[in-house]
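Please find below my comments on the structure. They are set out as numbered points for discussion.

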Amino acid sequence: MSVPDSPSDPLKKLLSDIGITILAFALSWLLIYDITQISYFAPLEKASDFETTDFYQIVDDRRSVRPYSDDIVVVGIDDLSRDEIADAIYMISLCSPAAVGIDILFGYQQPDDQKLVEAISALPNAVVPDTSSYIYSSCPGLHQGSILLEAPSHRHTIRHCKKEDTFAGELVALYNPHLNVPENMLIEYSACEFDVIHASEIPDATDIIDGRIVLVGAVRDISDLHPTPVHDALPGIMIHAASIATMLNENRITTIPEWLDWTLAIILCFAFIATARSLKERDWADCLMRIVQIALLLIIIVIGCWCYSRYRLNINFTRPLIMLATAAVAVDLWEGGIALKKLPAKIKSWFGKKKTSENHQQETQ
């Protein structure tokens, strides 16, 4: 007659599943927060410079239809002399822009500087870099903001922007002083397209300048190219444009708290481990669970992209992905540990059987 399972067996299995989930969490934490910080695992600075939002923005950037920004226009001044730049700025002032941002650093004195000073001084709402350039210091009533981009170094991807004391923030404040803008934001490069014209096209583009934020600067300067999630090398002035568009967009991305990401990861991992161990005795279980594991990884990525594009939610799928990837390893380590704990008893039993066999042989002889 078979003996029924003890009532404690389900509880024992539940505690084992929880223990394996904790082990998977520890392995995931090690992979995310420890190993990636060791320079041996990231010999190149760019090797560890990747975030979940980069993937979301790449996918979002490939939409067939993209919104158009009617708030910003970029005017390129590539290959122009200071005299020609002064003419371009003067023409912009005649087109009634809402605000003008000049992203140009004038390094040394030239004969045409007085004309440039007069043209800049004629702008109604102008923001310039926070520099001690003698040209800007000679123009009264200018607003200044930092043009430095938010990144640990020039090789890192530019992902975030700030409101206070920045070039983009000052322009937004002039354009819409009543807008509530957070201090730190994730730049949405895939959010919209901008009008980009050359200074020589200003006479034919007065209608797109009227009432808008106009950014004046170089768009083909190879010394001012920076890596972004969707472009390997994007001009600084276009990054400022994307920052301004992000600040003006009140339907901004909401980033899910880190604790919620980990909670989702732990729940999915626990469900996977419990199911995998329940089917462990079946012949086809290992193959099926590997298929389920891969399917869950793909589903998490698809759901993350959908939430980002549809509901403006930034879910960091790195943690659920790594926990699911380490779940199988955690199961093997856990069961291997149990096997090791039983090893001394098995050895003792083996030696006992061997001794009994030897005694039996001696008695037979």
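**Notes on the predicted model**

1. Strands E2 (residues 99–103) and E3 (residues 126–129) are paired in the parallel sense over 2 bridges, where pairing requires that DSSP find at least two bridges between two strands. Opposite Val-127 of E3 stands Gly-101. Strands (E, at least two residues) and helices (H or I, at least four) are DSSP runs, numbered from the N terminus.

2. Together with helix H4 (residues 113–121), E2 and E3 make a right-handed β-α-β unit; right-handed means that, with the strands pointing away from the viewer, the path from the first strand over the helix to the second runs clockwise.

3. E3 also pairs in the parallel sense with strand E4 (residues 143–145), over 3 bridges. Gly-145 in E4 is the bridge partner of Pro-129.

4. A search of the whole structure finds 0 disulfides, a disulfide being a pair of cysteine sulfur atoms within 2.5 Å. Cys-305 is in none, and the nearest cysteine sulfur, that of Cys-307, is 9.5 Å away. For Cys-307, the closest cysteine sulfur is therefore too far for a bond. Cys-305 counts as buried because its relative accessibility is 13%, and Cys-307 counts as buried at 10%. Buried means under 20% relative accessible area, exposed over 50%, and partly exposed in between (1.4 Å probe, protein chains only).

5. Leu-11 lies in helix H1 (residues 8–34) and, at 48% relative accessibility, counts as partly exposed.

6. Residues are numbered from 1 along each chain as its sequence is written. The model is predicted: local features need pLDDT of at least 70, side-chain atom pairs count only at pLDDT 80 or more, and totals for chains, interfaces and linings use all residues, while side-chain values use heavy atoms, with hydrogens and water left out.
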